[in-house]
Structures are given as structure tokens and as C-alpha cells.
Amino acid sequence: MVIGSISDIGKIRENNQDAFYASQNPSFPLYIVADGMGGHKAGEVASLMAKNIIENNFIGAKASLTNEESVIKLIKKSIEEANIKIYLKSLEDEKYNGMGTTITLAYILKDKICIGHVGDSRAYLIRDGEIFQITEDHSFVNELLKTGSITKEEAKTHPKRNMITRAVGSSSIIEMDLVIKEYAKNDILLLCSDGLSNMLKEFEIKNAFIGEEDIQKACESLAIMANDSGGLDNITIVAIKFN
């Protein structure tokens, strides 16, 4: 596997509320993108807490991750633990009131990608010149899309496009999506915050990787493109090429 990653503050935000983890160790293939929300610096507290809890849980249980069941079980446990700890912290301190974070994480097991997902950060798979969104956005706009109330183009500029319907830490109970996806040689797995996916079209994201052999340079180019398109949010990208 070849890994690329970048996190950029964008052009509008005062601080970067995204957090990410991108392992460079092929024996510990864990990848995380978290996009925090909340008042002044509360979002970055939530995203960092979630990232650290998940990372530490996987490090501690590394030896036991031998099959899909054990990985999915740990993903579920880790997100639930992050959720309750962030929620309790938000109750303890008024400055953290209402904080939360998205989570999109992937752990690679043999020829499978095991994914845990909450919110509107995304996981994409790029294969044979095509791009496919693996995760489903937990957002108000996506609910409108599913009912046919708006089109994909209308969703890009909808005034409530940043309103998510699920977040880690926003309530004592969390509902998450758990996905297992097979990958093939030369596939690219992309995890990103909505600072990328809201700024660029899917074909632009795909073309950045098709036109650049260097995965890190492709990630950096996408961050520049997202900023050139407005940079309205923090931009975080983690990409894994299976070679």
C-alpha cells in the first residue's frame, strides 16, 4: 500500500477542527478522518478525542484483529466509547456544550476494507477510472436526495448542506454504519472531510488521482483545488493505493 494524506485549514475557518490518522505501517493499516463541530475550539477537541480513542483501542487490540468479526466488533466498540466520552465531556464543561464529530475510519484486513462511519465525511473507492462513494452521508440534504426532493446539483448549494443528522458525541446513544468492501490491485481508497467533497465534483477528485502517480502529490493537489474553489471549510484527505 502507498499512503498519502493532508489536512488544510481552508480559507475561511479560524482553526482546523479536522483530525486524521494515516498509518504508514503495513502491519497496522488503520486510517481515520474526523471532522469536528461545536463552538470555539470545541470541534477540534471532539475530533481529536475520537481519533485518539480509536487509534489507542486498535493499537491495544492489534494482535487480536485476525478476522472480519473481530475488526468490526472493535470498530463498533471504539466509536461507542468515543461517543460517550465526548458526550460526557460536553456536559462537564459549558465551553464544550454541543460538540461532536464525524468519523470515517477504515481498517484493512487481507483483501477487505472494514469501515465504520458516522456523519458526512466520506469514503470513496476509485477503480478502473471510476469513483464510487462507499459511505452514505448522514445529513439533512442526503435525506432530501433520497426522497427525490432535490437533485445532486441542488444539494451542492443547499443552505442546509452542512447540517448532519448523526454525530459522535452529540447524544448518549450512537448509530453507525459498518461496511465491508473488497478491494483489488490498483484500487484507491479515499477518506475525506466535507471540506473536499463540498468543494469539488467527484470527477475532479477522481481525475486528480488518475493524472498523478504520486499519491501524496494527488492529495496536495486536491487541497489546492478545494481552496481555489472557495476553501469554505477545513480540508482533510487520506488516500491508500493498493499496489
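This is a predicted model: local features need pLDDT of at least 70, side-chain atom pairs count only at pLDDT 80 or more; totals for chains, interfaces and linings use all residues.

Strand 7 (residues 122-127) is largely enclosed by the rest of the structure, because five of its six residues are buried.

These pairings belong to a wider arrangement. Five strands make up an open, antiparallel sheet, and their order is 1-11-10-7-8. At its edges are strand 1 (2-8) and strand 8, each of which pairs on one side only. With direction ignored, neighbouring strands of the sheet are turned against each other by 15 degrees on average. Helix 7 (residues 215-228) packs on this sheet and touches strand 1, strand 10 and strand 11, while its direction makes about 25 degrees with that of strand 1. Further along the order, strand 10 is joined to strand 11 (residues 235-241) by five bridges, and the two run antiparallel. Within this pairing, Leu 191 has Val 238 of strand 11 as its bridge partner.

The cysteines may be considered next. A search of the whole structure finds zero disulfides. Cys 192 is in no disulfide, since the nearest cysteine sulfur, that of Cys 219, is 10 Å away, whereas a disulfide requires sulfur atoms within 2.5 Å. Cys 192 is buried, with a relative accessible area of 0%. Cys 219 is likewise buried, and its relative accessible area is 0%.

The largest nonpolar core has 33 residues, and Phe 58, Ile 79, Ile 103 and Leu 105 touch the most other members. Strand 3 (30-37), helix 1 (42-60), helix 2 (68-92), strand 5 (103-109) and strand 6 (112-118) each contribute at least two residues to this core. Helix 1 provides the largest share, eight residues. Apart from this core lies another, of 22 residues, which includes Ile 6, Tyr 124, Ile 188 and Ala 223.

A pair of aromatic rings is described by the distance of the centres and the angle of the planes. The whole structure contains four aromatic pairs. One of them joins Tyr 21 and Phe 28, which are edge-to-face, with 6.3 Å from centre to centre and 75 degrees between the planes. Tyr 21 counts as buried at 17% relative accessibility, and Phe 28 counts as buried at 5%. Phe 28 also pairs with Tyr 107: the ring centres are 6.4 Å apart and the planes are at 70 degrees, so this pair is edge-to-face. Because Phe 28 lies in the loop between strand 2 (18-22) and strand 3, and Tyr 107 in strand 5, the pair ties together parts that are 79 residues apart in sequence. Tyr 107 is buried, with a relative accessible area of 4%. Ring pairs link Tyr 21, Phe 28 and Tyr 107 with Phe 58 into a cluster, and Phe 58 is one of the residues that touch the most other members of the largest nonpolar core.

Notes:
Residues are numbered from 1 along each chain as its sequence is written. Side-chain values use heavy atoms; hydrogens and water are left out. A nonpolar core is a set of buried Ala, Val, Leu, Ile, Met, Phe, Trp, Tyr and Cys residues joined through side-chain atoms within 4.5 Å. Buried means under 20% relative accessible area, exposed over 50%, partly exposed in between (1.4 Å probe, protein chains only). Helices (H or I, at least four residues) and strands (E, at least two) are DSSP runs, numbered from the N terminus. Two strands pair if DSSP finds at least two bridges between them. Axes are lines fitted to C-alpha atoms, for helices over the stretch in contact, and angles run from 0 to 180 degrees between N-to-C directions. Contact means heavy atoms within 4.5 Å. Rings of Phe, Tyr and Trp (its six-membered ring) pair if their centres lie within 6.5 Å; planes under 30 degrees apart count as stacked, over 60 as edge-to-face and the rest as tilted.
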